[in-house]
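Welcome, and thanks for taking a look at this one.

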Amino acid sequence: MAAKSEPTRILILGGGYVGLYTALGLQKMLRANEASVTVVDPQPHMTYQPFLPEAAAGAIEPRHVVVPLRRVLRRCHVLTARVTKIEHERKAVTVEAADGHIEQLSYDVLVVALGSVARILPIPGLAEQGIAFKTIGEAIYLRNHVLTKLDEASSTLDPELRKRLLTFTVVGGGFAGIEALAELEDMTRFATRYYENIEPEDIRWVLVEAAGRILPEVRETLGVWTAEQLEKRGIEVYLSTAAKSFENGHVVLSDGTEFDSDTIIWTAGVKANPVLANSDLPLDKRGRLQATAGLQVVGHPDVWTAGDIAAVPDLSRTEEDPTATCPPNAQHAVRQARHLAKNIIRVIRGGQPKDYVHENLGAVASLGLHKGVADALRMKIKGFPAWLFHRAYHVKAMPTFNRKVRILLDWTLGGLFRREVVALGQINNPKEEFARASQS
């Protein structure tokens, strides 16, 4: 590859953690005319997902948790398109562009960084009633939806409808679910001061988790402590309980509990991007790409992968468990991407890739304003110190100096003037008033 007269064509599928950080590393290290880099993603931005709960709760401006790909990848070609098929035997990828046309992209080196999607279970009513929480669009929608329900509840004369409108259900007790629940509950409790006829105790938040504990990423004692803190805030926590039905907003749980809820937030796990099923690359039993410790796809040294979509051996744990793979979290995705970029450079220049080794530093979660929990650096941290640790860690990990500064300013202004709790529900149907005017 190093002797080629033509620049090496590097194609990166996905513009999330792995795609962005790999492209950033490559454009920094590549020499002039050494290689061309193309990044393909359905969205023109990368979303820093750990900040989605704060964006939904109004602590951070939503635009500040996304990184515009074209702005930061100035030495790369960015294509807004959706990958539909990977044919490595032909070294071709089929994509559907933003305008709807289909085209094929050729490459010399492929980086598969398509990430994960929400894992949807065959529960009646879930597809119609559920709201996922993986994109900035979903975070914005959820914020406006929750605040709109408060507006509707404050004006209705029907007590049963009011109760339904003020009942909010979160399914999934991992980090995404707990942080979304805690931040949004905090926001609704704060918002009640502006409603004459809604008190904090009128609002019902329900957490449903099929496992026997929440926050499996931290040690069990911290998970128990977190559940206790949520219950002290009036949040109902159902453990070892599965959701059976959501039809027409009527929630039925496996323990026989039933209630009506106009808001069902689904955070019960993720799965590898299903486009992999339409590829000729080797997958494991969970649908992830089989990867080496050097971040190459098994049997295909010119295909690289990392992040949620990849089953990368966790060399820090393989002595005790030979089948251990790196957990699908932002910490590993960012570090793998940086390592991956260096490995690609090594191989292009005739060298050998180095194995990825990183011991998990722990996990940290926000539980609302001034509240948090952390299991990091072999320490258990609770309350305000954990909340500070959460903010410090994630603002450090946020890509680009521009976004770091904007987020710090958001937090500073929020501390001075408090968060905004106004619903902008019209953005969910912006043409409604125009259509109504046209009929009058």
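Phenylalanine 190 has a relative accessible area of 12%, so it counts as buried. Tyrosine 194, at 53%, is exposed. Please keep in mind that this is a predicted model. The two residues make an aromatic pair in edge-to-face arrangement, with 5.9 Å from centre to centre and 75° between the planes.

**Other aromatic residues**

- The count of aromatic pairs comes to six.
- Phenylalanine 168 is buried because its relative accessibility is 0%, and tryptophan 205 is buried because its value is 2%.
- Tyr17, Tyr48, Phe51 and Trp411 come together as one aromatic cluster.

**A charge over a ring**

- Arginine 204 sits over the face of phenylalanine 259, 4.5 Å from the ring centre.

**Asparagine 273**

- You will find asparagine 273 in the loop that runs between β18 (270-272) and β19 (289-290).
- Its relative accessibility is 17%, under the 20% limit, so asparagine 273 counts as buried.
- The side chain of asparagine 273 reaches the backbone oxygen of leucine 114 at 3.4 Å.
- Leaving aside residues up to four places away in sequence, asparagine 273 touches Leu114, Gly115, Ser116, Val117 and Ile309.

Notes: Residues numbered from 1 in each chain as written. Predicted model: local features only at pLDDT ≥ 70, side-chain atom pairs only at ≥ 80, totals over all residues. Heavy atoms only, no water. Helix = DSSP H or I, 4+ residues; strand = E, 2+ residues; numbered from the N terminus. Buried < 20%, exposed > 50% of the residue type's maximum accessible area, 1.4 Å probe, protein only. Polar contact = N/O pair within 3.5 Å; in protein donor to acceptor, adjacent residues only side chain to side chain. Contact = heavy atoms within 4.5 Å. Phe/Tyr/Trp six-rings, centres within 6.5 Å; stacked < 30°, edge-to-face > 60°. Lys NZ or Arg CZ within 6 Å of the ring centre and 35° of its normal.
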